[in-house]
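Subject: A structure for you to explore

Hi there,

Here is the structure I promised to pass on to you. Please open it beside this email, and then read on for what turned up in it.

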Amino acid sequence: MVERVMLMGHGPTPVPSRLVAAAYRDEQEAADKVVRLGSGVDVCLFASPVPYEFARKAGVLTMPATFVPLNGAALQGALLRAALDEQHEPSRVSIDVLSRAEVEEAYGEINLSTEHVHLREEAAGPGTLAAFHERLWRRGATSVALTCVHATAERLELAGVPTLRIRPTGAAIRSALQTSALLGAHHRLEESQLVVVVVDVPTLRETPRRVTPRYWREELKLSLQRLLLQEAHRMSAAVWPLDDHSYLVTATRGSITAATEGFRTPPFVERVREELGLAVEVGIGMGRTAQEAETHARAALARSQTSQRAQGFALDRDGRALVPAPRTPPRAPAPAKPKGLEILARLADKLGDQPGEEGPDGKQPLIVDAENAGKMLGVTPRTARRLLRTLVEEGLAWPLPPNRTPQPGRPRQLYRLIVEKLGPKAG
């Protein structure tokens, strides 16, 4: 069957395309064939609905897929062959895989009753289908078995059960080839669709209650932009700053889909949190123009910032959410005393007497990393890293550029404590 499709595929198609053969002996191998082809194909065309169903249920169809239909003319062709054999009665048959509506339509077009037609609609292994047909035939309920599955036909023939295979017509194969070519072309166009990503960094926003030294802000912005450039390079995207606290990334839908696991996880967020200890907010937008895509990206960002419910961080060309963002786990109730200020005060007391160099403002900056903070607070470095990130999110500390060292492993991340937030007593 695969060979037949390949031979007929040399004819004209609506768009230029190339066929890749993936033959198999058993329809249940279809899922493995799809995995092996991977991203090497734009669309999968299955020889019948059976391998398509096996691949769909296995969850391996990450690209558009269709199949050569076996209803209509294909079923009527099998019934005609049955009518030409005196031992077979087209009105007393067993049929697998096809739906009842398809069978009734085909019989109705040739004025035959389906009263004595036995049907199993669910796709199953060849052994299960063969047992269904053989049981009915041995009971005398049917005169012939009509099967869509090659391996089932082989089993029935070995058991001596009269069998006819439902084969697609040439017209059905040509139609399926044209459909798959159009699906592949549409998929290619979708993959190359323009996508705009807006990355916002709340920590970089200046407010009346948060005024930070300019040189700390500039170092942080440089580190953040360097990280975003590295991530953008991986997805063949471009990035540039929009203002003091946000960045704009342009890419294609295909590259963003791969980087977000099909729009299930927002890009950049995890790596920025891991390496810089910053929380960033992301909005993704698509559109017919760059301006429309950016408008949708800003709308997605605003939706995630203002809504308490889980909302999609990506909007399609019509402004509809693609995939809802993961639900945020419920936060623990806040303690009576601000936890961030308490941690900052404890670290400041421990570091206050240590010698150090004065900063540009004439004061000695208090610098700490996760390992030293853990020793001072009596917690593990992992817990200390989480506490330092909390300070950053509350505007009580600033992550410094990673301290690059010749030693292998993750670079040492330093944080500058903003002790000015503790008030005059801390000074």
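**What was found**

Of the 427 residues in the protein, 41% are buried, where buried means under 20% relative accessible area, exposed means over 50% and partly exposed lies in between (1.4 Å probe, protein chains only). This is a predicted model, in which local features need pLDDT of at least 70 and side-chain atom pairs count only at pLDDT 80 or more, while totals for chains, interfaces and linings use all residues. Residues are numbered from 1 along each chain as its sequence is written, and side-chain values use heavy atoms, with hydrogens and water left out.

The protein has 15 helices and 14 strands; these are DSSP runs numbered from the N terminus, with helices (H or I) of at least four residues and strands (E) of at least two. Among the contacts in the protein with a separation of 6 or more, 58% are between residues 24 or more positions apart. A contact means heavy atoms within 4.5 Å.

**Aromatic rings**

How many aromatic pairs does the structure hold? There are 2. Rings of Phe, Tyr and Trp (its six-membered ring) pair if their centres lie within 6.5 Å, and planes under 30 degrees apart count as stacked, over 60 as edge-to-face and the rest as tilted. Phe46 and Tyr52 are an edge-to-face pair, because their ring centres are 5.9 Å apart and their planes stand at 70°. Both residues are buried: Phe46 has a relative accessible area of 7%, and Tyr52 has 17%.

Tyr52 also pairs with Phe67, with ring centres 5.1 Å apart and planes at 50°, so this pair is tilted. Tyr52 belongs to helix H3 (residues 49-58) and Phe67 to strand S2 (residues 65-67), so the pair ties together parts that are 15 residues apart in sequence. Phe67 is partly exposed, at 29% relative accessibility. Phe46, Tyr52 and Phe67 together form one aromatic cluster.

Two packed helices are described by the angle between their axes and the distance between the axes. Axes here are lines fitted to C-alpha atoms, for helices over the stretch in contact, and angles run from 0 to 180 degrees between N-to-C directions.

Take helix H4 (residues 73-83) and helix H5 (residues 100-109) to begin with: their axes come within 9 Å and cross at roughly 55°. H4 and H5 are therefore oblique to each other; angles under 35 degrees count as roughly parallel, over 145 as roughly antiparallel, 65 to 115 as roughly perpendicular and the rest as oblique. On the H4 side, Leu75, Gln76 and Leu79 meet Val103, Ala106, Tyr107 and Glu109 of H5. This contact has 5 nonpolar, 1 polar and 1 charged residues. Here Ala, Val, Leu, Ile, Met, Phe, Trp, Tyr, Cys and Pro count as nonpolar, Asp, Glu, Lys and Arg as charged, and the others, Gly among them, as polar.

The axes of helix H13 (residues 339-351) and helix H15 (residues 381-393) come within 10 Å and cross at roughly 115°. H13 and H15 are therefore roughly perpendicular to each other, and their crossing is left-handed. H13 brings Lys339, Gly340, Ile343, Leu344 and Leu347 to the contact, and H15 brings Leu387, Leu388 and Leu391. By class, the contact of H13 with H15 has 6 nonpolar, 1 polar and 1 charged residues.

**Positive phi values, and a buried alanine**

Most residues other than glycine have a negative phi, and most peptide bonds are trans. Asn111 has a positive phi, near 55°. Asn111 sits in the loop between H5 and strand S4 (118-120) and is exposed, with a relative accessible area of 72%.

Phe268 also has a positive phi, near 75°, and lies in the loop between helix H10 (253-259) and helix H11 (269-276). Is Phe268 buried or exposed? Phe268 is buried, at a relative accessible area of 4%.

Phe268 is one of the residues in contact with Ala232, along with Ala237 and Val239, when neighbours of Ala232 within four places in sequence are left aside. Ala232 lies in helix H9 (residues 214-234) and is buried, at 1% relative accessibility. Ala232 and Val249 are 17 residues apart in sequence, and their C-alpha atoms are 7.5 Å apart in space.

Enjoy exploring!

Methods. A crossing is left-handed if the near helix is turned anticlockwise from the far one by less than a right angle, and right-handed if clockwise.
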